[in-house]
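The sequence and the structure come first.

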Amino acid sequence: MSTRLMKIATVLLSVFIIGYVGVQLPRFFKGEGYTLQTVYKQTVEENLAVTGIFFREEKVFPVGRDGVVSCNAAVGEKVGKSSKLLTVYRDHSAAERQREIENLSETLQSLEKAQLSSQSTDVIRPDTLNSTISSFAARLIASRDNGSLSEIRTMRADLREVYARREILIGANVDYSGQIAELKGRLDYLEGLGSEEWGSVYTDVSGYFVDHIDGYEDVCTMERLAEMTAAEADQMIASYSGYNPDSSSVMVVTSQKWRFAFTVPEEQTLSMRTGKSATLRFPGGSQVSAVVEELRRDSESGRFLVIMRGDTVLPMLLESRVQAVELLVGSSVGLKVPKEAIRFNESGQMGVYVVIMDKMYFRAVGQVYENDSFILCPIGYESADKSPALKLYDTIIVGGMDLYDQKPVA
């Protein structure tokens, strides 16, 4: 080899060595050659995105005729047997007039009771009434959030009465006689116009009210579900036309128990088993608990029909028959350990090296969860070889070589 070629080769070799050392130095001399990390606790949820269909026990009640429908309950509200579900009026003005009559009657009754109470010999302290008003206000807010219209109307009337009694008690010149007379006059006038009510619908069963139907009431039955295959469920979900309520009829869900059915490939059933609890999480943030009732395999497609059983009734569960949900099938909690930190001792025990007082020590880890980048070690893990276990907030060595017990780190 010529002198010129040897010089070129020497220069190239020098560049390579300098580059290699430059890359490796941070690895082996970052804190005497080690990358350190603090151990924290982490929770990992196992989720599946699925679209399923609800099966319930329902009874349909046709409205019967055209007109303006005024429902007496909100969707999901409990109704008793023989309750009036709705009233049909000739037009909107007739419906509004009836609502005004009901509101005037409630207000009149509240003021008359308050006025009568103020004339009694019973003494009620203002702070007692203030406490009662606050309690009613809190219950009103809760009923509003729960969509319980009947409770709202009742508590609104009670709140009006208590507030009027308070005003009479603390106000020297407060007298509702004039307002009572005015309300009676307006009420007599409206009632004198006559009723334009065309009909009412009553229920002969108790349950949960729904102000529409979707045409699947005779299809999504418990009897049909008992014989359904995964392929049939997929077809039913795919053919569902979406949320398109039909207000020509209303219905009452006669049992709080329901079934939610969907299909998954076989590999996704590994995190499920009959009797296992799971959570259905809906797009709006609401969630309910359910139990895996059955895993039914379709021999042709290999897919599984999963049937979940639940008994929580919420309005959003009744709005649409087919819904997309996030199925939370489980969660794992443990100490997060990067995979590059994992080592094995002479007995084959999996573990990591931690730094204590400038020396490294082996600490055993187990595994409750694994992905491509880390594992979760159970808190309070006990190894078979009785090695000390990893603990929360330990400092572990993630990167480094030639690790052994009591080796100096600094």
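**Whole chain**

The model is predicted. Its secondary structure consists of 8 helices and 21 strands. The chain has 410 residues, and 39% of them are buried. The accessible surface amounts to about 23100 Å², with 51% of that area belonging to carbon and sulfur atoms. Among contacts with a sequence separation of 6 or more, 77% are between residues 24 or more positions apart.

**Nonpolar cores**

The largest nonpolar core contains 21 residues. Within this core, W258, F260, F262, L280, M308 and L327 have the most contacts. Six elements, tabulated here, each give two or more residues to the core.

| Element | Residues |
|---|---|
| β2 | 41-55 |
| β10 | 258-264 |
| β11 | 277-281 |
| β12 | 287-297 |
| β13 | 304-310 |
| β14 | 322-338 |

The top contributor is β10, which supplies 4 residues.

**Surface patch**

On the surface, Y40, L392 and Y393 form a nonpolar patch. Together these residues have about 350 Å² of accessible area. Y393 lies in the loop between β19 (374-377) and β20 (395-399). Its relative accessible area is 56%, so Y393 counts as exposed, the cut-off for that class being over 50%.

Is E112 buried, partly exposed or exposed? The relative accessibility of E112 is 32%, and therefore this residue counts as partly exposed. The class covers values between the buried limit of under 20% and the exposed limit of over 50%. E112 sits in helix α2, which spans residues 92-118.

Which residues does E112 touch, not counting those up to four places away in sequence? The contacts are with I180 and K184. The C-alpha atoms of E112 and Q179 are 9.9 Å apart in space, while the two residues are 67 residues apart in sequence.

Definitions and conventions. Residues are numbered from 1 along each chain as its sequence is written. This is a predicted model: local features need pLDDT of at least 70, side-chain atom pairs count only at pLDDT 80 or more; totals for chains, interfaces and linings use all residues. Side-chain values use heavy atoms; hydrogens and water are left out. Buried means under 20% relative accessible area, exposed over 50%, partly exposed in between (1.4 Å probe, protein chains only). Contact means heavy atoms within 4.5 Å. Accessible areas come from the Shrake-Rupley method with a 1.4 Å probe; for residues, only the protein chains shown count as cover. Patches are made of residues with over 30% relative accessible area and no salt bridge: like charges are joined within 9 Å, nonpolar side chains (Val, Leu, Ile, Met, Phe, Trp, Tyr) within 5 Å. A salt bridge is a side-chain nitrogen of Lys or Arg within 4 Å of a carboxyl oxygen of Asp or Glu. A nonpolar core is a set of buried Ala, Val, Leu, Ile, Met, Phe, Trp, Tyr and Cys residues joined through side-chain atoms within 4.5 Å.
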